[in-house]
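Hi everyone, thanks for making the time. I'd like to walk you through a model and talk about its charged side chains.

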Amino acid sequence: MTPAIVLSGSTMGLGVIRALGIMGVPIILFTYDKRDMGQASKYVQESIHAPHPERSEAQFIDLLVELAPRFGRVPLFPVSDATLAAVSRNKPVLEQHYIVACTEWDIARLFIEKRHTYALANEVGVPAPKTLIPQSVDQVAEYAGRVEWPCLVKPSQSHLFYAHFGTKMYKVNSVDRMIEIYKQSAEAGLEIMLQEYIPGEDADGVNYNSYFWDGKPLAEFTAKKIRNGPPWLGSTRVAISKRIPEVIEPGRKIVEAMGFYGFSCTEFKKDSRDGVYKLLEVNGRHNLSSSLAVRCGVNFPWLEYRHLVEGELPERSDFEAGIYWIDTFRDVGYTFKHLRKERYSLAYYLRPYFGPRVFAIIDRKDPKPFFQKFQNSLSGATRLRKA
């Protein structure tokens, strides 16, 4: 079977590695982080260390081109924002050697640079939080008089912001704090947005996953978040598959408006004030909880592989609802850290572990990534103690 190259062996990468590996696809992993647990997966036939795609994009692309004759014309799956940005910007070069599983930059920038996402949502009538993009400290102060508190200070490019600040966004309650973050971001060359905070619980967040081709959704899957890490502002740590018809139409509309094709994960949150699902973001790569859809009967990486390699278009199918996805390391860690803030019952914390479930990392058929992750966690804790 034609091998597949997966770029990044983080949790998202591991989900893709396993989704393809269980179908018999040989995996070649390009990793730029020595802690990537995907390297330990039994499905990975070869692991190649690469330059960091953000800090050394030219060298990263050069390595892919240099090694292309070894692999032949195989599919290339960028599964992190960093690899997606680098690959999409250089798609004309890479597609001379590979089958590239992402859109070109003209489309990718519409979801990687979030300001374009919200502008497009407003244009096509998809509900989204009110968003302002300041260009100076004076504008920050001016905008502060027009927003409701609390307010979110978010990046236009999330992966760059997270790499610098170690968080996806900030929730602020004062003009001074807003200006402080703006100045720090400006010094780092990062564009920020001031955005309305959508009130509600983590469980008000949902995902609309789809595979689009020729402007049509060929496969769809929806899931509801249970807990985020960190709470309220972070990424999913526990989710459950669920049919959520309210987000199908707006999900289709924003993806179609982008001219997007391939797999995407679009996130919404229900506004507790009016009950309307508001657009949070579109991710044009396989998402953190990708193994949930696989467990529920919709193997998106395999559908994409068969389409790109064998020319077989996905057929619409239903999925199993009521299955939990759990990122155990993050769930346990954030539970202990924020136990008093979250105020969930013990039963609420434990329910996913006793229901039908799939784990982000734990897999008895592919156990080594779990031990790699556990070792990484111990090493990180040791470094913190020494510091």
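Let's start with Lys278: is this lysine buried or exposed? Lys278 counts as buried, because its relative accessibility is 10%, and the cut-off for buried is under 20%. Do keep in mind that this is a predicted model. The side chain of Lys278 meets that of Asp274 in a salt bridge, at 3.4 Å from N to O. Asp274, at 45% relative accessibility, counts as partly exposed. Both belong to a network of salt bridges that also links Glu148, Glu196, Asp271 and Arg273.

Now for another pair, Arg237 and Glu342, whose side chains form a salt bridge at 3.0 Å, N to O. Arg237 sits in strand β12 and Glu342 in helix α14, 105 residues apart, so this pair links distant parts of the chain. Arg237 is buried, with a relative accessible area of 0%, and Glu342 counts as buried too, at 6%.

Then there's Arg316 with Glu220, a salt bridge at 2.9 Å, N to O. Here the partners are 96 residues apart: Arg316 lies in the loop between α12 and β15, and Glu220 in strand β11. Arg316 is exposed, at 51% relative accessible area, while Glu220 counts as buried at 11%.

Stepping back, how many salt bridges does a search of the whole structure find? The search finds 29. The protein has 50 positive and 44 negative charges, and their mean positions are 8 Å apart. As for the fold, there are 16 helices and 16 strands, and 55% of the 387 residues count as buried.

Technical notes
Residues are numbered from 1 along each chain as its sequence is written. This is a predicted model: local features need pLDDT of at least 70, side-chain atom pairs count only at pLDDT 80 or more; totals for chains, interfaces and linings use all residues. Side-chain values use heavy atoms; hydrogens and water are left out. Helices (H or I, at least four residues) and strands (E, at least two) are DSSP runs, numbered from the N terminus. Buried means under 20% relative accessible area, exposed over 50%, partly exposed in between (1.4 Å probe, protein chains only). Lys and Arg count as positive and Asp and Glu as negative; His and the chain ends are not counted. The place of a charge is taken as NZ of Lys, CZ of Arg, CG of Asp or CD of Glu. A salt bridge is a side-chain nitrogen of Lys or Arg within 4 Å of a carboxyl oxygen of Asp or Glu.
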